[in-house]
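Take a moment to turn the model around before reading on.

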Amino acid sequence: MVSTFFVLMLMNIIKTGHVSALGSCPKCGNVEVPYPFSTDDTCGDSRYKIYCNNSNNGNSILEFKSAEGFYYKILSIDPSAQRLIISPPDLVQDGDTCQTSDFSLQGLRLDEHLPFNVSTRNTVILLNCSDNLLRSPLNCTSNSLCRVFQDKMLEGKNNACKGGLCCHYLKDSHMTSYVIRVRVGGCTAYTSVVDIRPEDPVEKWSYGIELQWLPPN
């Protein structure tokens with residue numbers, strides 16, 4: 001006799017085209033994992049896959065994996081707003097090198113087949129940019145917010161990311177919502193601020209990359 005659970009599961013697969021678990025996942029250490037996120041095959045919705053990393057000096061953290069396989073620490077999740085914030089990649093400053101740790105993958109790229117996109121509340125700060133960017137619509141002027149970041153946040157550090165051209169832009173609905181790109185011939189490093197308040201001290205800005213997700217079908 002076919003169980004009721006199996007029948008309901010089969011009906012869900014036919015309707016949505018994917019398997020969706022019924023319950024939330026257990027905590028990752030002390031961190032809640034709200035539905036629909038899934039940390040393994042036994043809970044949550046597989047389209048909302050995130051990862052529980054237990055190797056962070058004994059402290060468990062949640063991570064989001066990009067389409068290229070780079071892991072970004074999850075700083076917060078707001079289920080009611082359907083938004084999460086991931087940590088920007090580290091700045092790698094070594095000698096004359098200014099790159100972010102995801103540079104080899106050309107920055108952040110989301111899987112367009114999954115229900116996530118980069119929200120329009122992100123102000124992206126680009127560093128170590130080519131002069132080619134001067135022909136772009138980005139703000140690369142002396143009044144750009146990136147200059148404040150360079151002067152304050154990089155003060156006393158390696159000058160590889162502090163010198164040179166920088167730009168900033170607000171991620172808006174006219175741009176691709178799946179990519180923050182870095183590359184040779186463009187800019188090689190970046191950070192991002194969520195819901196920026198330019199009048200606030202730069203060290204008080206909310207550094208992160210906000211992603212939003214569509215609810216399960």
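## About the model

This is a predicted model, in which local features need pLDDT of at least 70 and side-chain atom pairs count only at pLDDT 80 or more, while totals for chains, interfaces and linings use all residues. Residues are numbered from 1 along each chain as its sequence is written, and side-chain values use heavy atoms, with hydrogens and water left out.

## The chain as a whole

The chain has two helices and 13 strands. Here helices (H or I, at least four residues) and strands (E, at least two) are DSSP runs, numbered from the N terminus.

Of its 217 residues, 41% count as buried. Buried means under 20% relative accessible area, exposed means over 50%, and partly exposed is in between, using a 1.4 Å probe and protein chains only. Among contacts (heavy atoms within 4.5 Å) with a separation of 6 or more, 61% are between residues 24 or more positions apart.

## The nonpolar cores

In soluble globular proteins, nonpolar side chains tend to be buried together. A nonpolar core is a set of buried Ala, Val, Leu, Ile, Met, Phe, Trp, Tyr and Cys residues joined through side-chain atoms within 4.5 Å. The largest one in this chain has 35 residues, and F64, L84, I86, L108 and Y190 have the most contacts inside it. Two or more residues each come from β2 (59-65), β3 (71-78), β4 (83-86), β8 (116-118), β9 (122-129), β10 (165-170), β12 (187-194) and β13 (209-213). This core also draws at least three residues from each of domain 1 (22-65) and domain 2 (76-213); these domain bounds come from an automatic or database domain assignment.

Leaving aside neighbours within four places in sequence, L84 is in contact with F37, F64, I74, S76, I77, F116, I209, E210, L211 and W213. A second, separate core has 15 residues, including C98, L145, A189 and W205.

## Two pockets

A pocket is found on a 1 Å grid over the protein atoms alone: whereas a cavity is a set of points where a 1.4 Å probe fits but cannot get out, a pocket is an open set with protein on both sides within 12 Å along at least five of seven lines, and lining residues have an atom within 4 Å of a point. Grid points are joined across faces, edges and corners, and a volume is the space filled by probe spheres set on the points.

The largest pocket has a volume of about 330 Å³. Its lining has 15 residues, and L126, L133, L138, Y169 and R181 are the closest to its centre. By type, the lining of the largest pocket divides into nine nonpolar, three polar and three charged residues. Ala, Val, Leu, Ile, Met, Phe, Trp, Tyr, Cys and Pro count as nonpolar, Asp, Glu, Lys and Arg as charged, and the others, Gly among them, as polar.

The second largest pocket has a volume of about 230 Å³. It is lined by 11 residues, with P89, L91, F149, M153 and T191 nearest its centre. β5 (91-94) and α2 (145-153) each give two or more residues to this lining, which divides into seven nonpolar, two polar and two charged residues.

## Backbone details in the loops

Most residues other than glycine have a negative phi, and most peptide bonds are trans. A cis peptide bond joins Y35 and P36, with omega about 15 degrees; P36 sits in the loop between α1 (4-16) and β1 (51-56).

Q82, in the loop between β3 and β4, has a positive phi of about 55 degrees although it is not a glycine. Its relative accessible area is 27%, so Q82 is partly exposed. Q106 has a positive phi near 60 degrees and lies in the loop between β6 (97-100) and β7 (107-109). Q106 is partly exposed too, at 42% relative accessibility.

P215 follows β13 and touches Y48 and Q82, not counting residues up to four places away in sequence. P215 and P115 are 100 residues apart in sequence, with 7.8 Å between their C-alpha atoms.

P79 lies in the loop between β3 and β4 and, neighbours within four places aside, is in contact with P34 and W213. From P79 to P36 the separation is 43 residues in sequence and 8.8 Å from C-alpha to C-alpha.
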